[in-house]
2 protein chains.
Amino acid sequence: MNFKDYIREVPDFPSKGIVFKDITPLLEDPAAFREAGMALLAFTEGLAINKVVGIESRGFFFAPLLAEHLQAGFIPARKPGKLPRRTSSMEYELEYGTDSLEIHAESISPGDRVLIHDDVLATGGTARAMCDLVESLGGEVVQVNFLIELGFLKGREKLEGFALRSLITY
Amino acid sequence: MNFKDYIREVPDFPSKGIVFKDITPLLEDPAAFREAGMALLAFTEGLAINKVVGIESRGFFFAPLLAEHLQAGFIPARKPGKLPRRTSSMEYELEYGTDSLEIHAESISPGDRVLIHDDVLATGGTARAMCDLVESLGGEVVQVNFLIELGFLKGREKLEGFALRSLITY
């Protein structure tokens with residue numbers, strides 16, 4: 001299956017000059033959705049993952065599914081203010097300013113073998129912040145995987161030292 | 001399994017007087033997460049669902065998983081401005097003001113048999129808007145299901161005429 005057949009490129013979204021990769025056609029096609037999920041799952045074989053972190057919001061499309069198949073716990077990494085209990089957070093840089101992601105502090109324990117998943121690897125700032133956050137809580141990031149990698153943005157460099165897999169590369 | 005053992009009640013979140021139902025302990029426990037997913041799936045038996053709509057963001061924790069098991073397409077219903085192509089949207093009332101949800105207009109076709117899923121049924125405004133949106137595009141809402149129903153908020157009344165199932169009721 002050529003997964004790119006199910007990704008629609010939308011020019012000038014969300015702003016001029018950006019070609020947005022719209023993954024909704026892939027999500028809407030049962031066979032493509034399932035096969036993409038199984039391919040992401042295959043990346044994790046033998047890694048003995050016990051926690052899967054999905055990054056809000058589009059990371060939630062596949063991360064819970066990966067967690068279920070791995071019989072791992074699912075941990076949503078959320079924008080500030082969404083999680084009700086004591087959180088740990090990590091800032092990352094945007095083109096202008098900064099943003100941050102949070103998880104409940106008690107969600108990761110020393111010894112946890114953690115998969116981090118997001119839909120798109122762009123500049124890598126978000127994923128790197130998440131890796132640092134998991135490690136700061138004592139977890140081991142055994143893989144970071146993505147549905148799509150935008151190779152030309154060199155996000156891979158920001159994740160040096162982490163095992164990185166992506167299903168579709170542009 | 002008593003699913004309520006995996007829901008933590010957090011008083012005064014997000015604002016004073018509200019007791020927030022925190023589902024993250026359930027998500028983080030592999031057995032509870034899987035069993036909750038399978039119980040939601042069991043609600044849909046025999047309904048010949050071909051599209052599953054999940055409502056941003058917490059509806060995304062289970063909706064893709066349900067779609068995968070049902071071999072149905074997954075359609076994310078998102079806050080305004082997140083979807084890149086032509087959308088259909090429906091407003092709903094909040095305590096103060098209104099908000100709206102969007103799906104790509106071409107995601108639902110006449111004849112589609114649609115499951116709508118969200119994590120919590122509160123006042124029912126969001127879910128009802130989603131039902132109306134799906135029907136306005138010619139889809140049939142064959143079930144609306146929820147992980148949690150806050151019975152005391154009477155959201156069920158706003159969904160009269162739709163088949164409604166919820167896993168955990170308060």
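How many residues of chain A are in contact with chain B, and how many residues of chain B are in contact with chain A? In this predicted model, 38 residues of chain A touch 38 residues of chain B. About 3,200 Å² of area is buried between chain A and chain B, and carbon and sulfur atoms contribute 60% of this area. On the side of chain A, the residues that lose the most area to chain B are A:Glu28, A:Glu68 and A:Pro84, which together account for 20% of what that side buries.

Polar and charged interactions also link the two chains. Between chain A and chain B there are six salt bridges. In one salt bridge, the side chain of B:Arg85 meets that of A:Asp22, with an N to O distance of 2.6 Å. Polar contacts between chain A and chain B amount to 19 residue pairs, both residues being at pLDDT 80 or more. Several elements of chain A each supply at least two residues of the side that touches chain B: strands E1 (8-11), E2 (19-22) and E4 (73-77), together with helices H1 (24-28), H2 (30-43) and H3 (63-70). Helix H3(A) provides the largest share of that side, namely five residues. Classified by residue type, the side of chain A that touches chain B consists of 19 nonpolar, eight polar and 11 charged residues.

Salt bridges were also counted over the whole structure. Over all chains, the structure holds 24 salt bridges. A:Lys51 and A:Asp112 form a salt bridge in which the closest N and O atoms are 2.6 Å apart. A:Lys51 belongs to strand E3 (residues 51-55) of chain A, whereas A:Asp112 lies in the loop between strand E6 (98-104) and strand E7 (113-121) of that chain, so the pair ties together parts that are 61 residues apart in sequence.

Attention then turns to a sheet in chain B. Five strands of chain B form an open sheet with parallel pairing, in the order E4-E3-E7-E8-E9. Strand E4 (73-77) and strand E9 (164-169) of chain B are the edge strands, each pairing on one side only. From one strand to the next, the twist averages 20 degrees. Strand E3 (residues 51-55) of chain B runs parallel to E4(B) and is joined to it by five bridges. Within this pairing, B:Ile55 has B:Ala77 in E4(B) as its bridge partner. Helix H3 (residues 63-70) of chain B packs on the sheet, where it touches E3, E4, strand E7 (113-121) and strand E8 (140-149) of chain B. The direction of helix H3(B) makes about 170 degrees with that of E3(B).

Notes: Residues numbered from 1 in each chain as written. Chains lettered and ligands numbered in written order. Predicted model: local features only at pLDDT ≥ 70, side-chain atom pairs only at ≥ 80, totals over all residues. Heavy atoms only, no water. Pairing = 2+ DSSP bridges. Helix = DSSP H or I, 4+ residues; strand = E, 2+ residues; numbered from the N terminus. Axes fitted to C-alpha atoms, helices over the stretch in contact; angles between N-to-C directions. Contact = heavy atoms within 4.5 Å. Buried area = accessible area lost by both parts, 1.4 Å probe. Salt bridge = Lys/Arg side-chain N within 4 Å of Asp/Glu carboxyl O. Polar contact = N/O pair within 3.5 Å; in protein donor to acceptor, adjacent residues only side chain to side chain. Nonpolar A, V, L, I, M, F, W, Y, C, P; charged D, E, K, R; others polar.
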